[in-house]
Amino acid sequence: MSAYYKIHKSLTQSVIDLNLGLPIAHENINFNPQSVDEYLSINILFDAQNTVTKTDLDDVMGFLQISHYVKSGIGNGSTYDLISILSAAYPHAAQFTHSDQVVNIQNIAVNKRGNDNGWYTTDFTINFWSDISR
């Protein structure tokens with residue numbers, strides 16, 4: 001199993017394990033957002049792989065983006081609750097693991113995109129890095 005896949009599994013599972021009571025749309029699942037009033041979407045993006053040592057160690061950086069969608073007009077109280085929950089769940093230096101792959105959290109940023117196509121959207125960007133073997 002590749003290091004990238006282990007990182008992906010670790011971060012995806014970390015969100016699922018929060019048991020937020022919201023449907024979660026993520027890679028390779030069937031999901032119909034029109035069937036709910038509120039949901040999360042998970043995306044993981046990787047940056048370049050950088051050499052750490054001359055022998056066999058690299059690191060990869062990236063971010064886990066958790067987008068929170070609430071149908072417009074419902075209110076934004078749940079968004080503020082989610083900000084508190086995610087900030088507590090992903091503090092600086094937190095670590096998540098799948099198999100032997102450790103993912104290190106750097107920081108979290110919140111970006112409110114506002115109303116678009118009937119949804120009020122807020123993005124939570126969780127920056128991470130992980131050492132990987134070549």
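Start at Thr122, which is buried at 0% relative accessible area; buried means under 20%, exposed over 50% and partly exposed in between, with a 1.4 Å probe and protein chains only. This is a predicted model, in which local features need pLDDT of at least 70 and side-chain atom pairs count only at pLDDT 80 or more, while totals for chains, interfaces and linings use all residues. Residues are numbered from 1 along each chain as its sequence is written, and side-chain values use heavy atoms, with hydrogens and water left out.

Thr122 lies in strand β6. Helices (H or I, at least four residues) and strands (E, at least two) are DSSP runs, numbered from the N terminus. Show the contacts of Thr122, that is, heavy atoms within 4.5 Å. Leaving out residues up to four places away in sequence, Thr122 touches Ile66, Ser67, His68, Thr79, Val110, Asn111, Lys112 and Arg113.

Next, select Arg113, in strand β5. Arg113 is partly exposed, at 45% relative accessibility. Beyond four places in sequence, Arg113 contacts Ser67, Tyr69, Thr121, Thr122 and Asp123. With Asp123 there is a side-chain polar contact of 2.8 Å. A polar contact is a pair of N or O atoms within 3.5 Å; within protein, one must be able to donate a hydrogen and the other to accept it, and residues adjacent in sequence count only if both atoms are side-chain atoms.

Now switch to the cartoon. Six strands make an open sheet of mixed pairing, in the order β1-β2-β3-β6-β5-β4; two strands pair if DSSP finds at least two bridges between them. Strands β2 (residues 38-51) and β3 (residues 57-71) run antiparallel and are joined by 12 bridges. Within this pair, Leu40 stands opposite His68 of β3. Helix α2 (residues 77-89) packs on the sheet, touching β2, β3, β4, β5 and β6, and its direction makes about 160 degrees with that of β3. Axes are lines fitted to C-alpha atoms, for helices over the stretch in contact, and angles run from 0 to 180 degrees between N-to-C directions.

Which residues have the most contacts inside the largest nonpolar core? Select Leu11, Leu64, Ile66, Tyr90 and Ile105, within a core of 24 residues. Such a core is a set of buried Ala, Val, Leu, Ile, Met, Phe, Trp, Tyr and Cys residues joined through side-chain atoms within 4.5 Å. Two or more residues come from each of α1, β2, β3, α2, β5 and β6. A second, separate core of five residues includes Val36, Tyr39, Tyr69 and Trp119.

Finally, colour the aromatic rings. Rings of Phe, Tyr and Trp (its six-membered ring) pair if their centres lie within 6.5 Å; planes under 30 degrees apart count as stacked, over 60 as edge-to-face and the rest as tilted. The count by this rule is seven aromatic pairs. Tyr39 and Tyr69 are stacked, 4.7 Å centre to centre with 10 degrees between the planes. Tyr39 is in strand β2 and Tyr69 in strand β3, 30 residues apart. Tyr39 is buried at 9% relative accessible area, and Tyr69 is buried at 17%. Another pair, Tyr90 and Phe96, is tilted: 5.3 Å between centres and 40 degrees between planes. To finish, select Phe31, Tyr39, Tyr69 and Trp119, which ring pairs link into a cluster.
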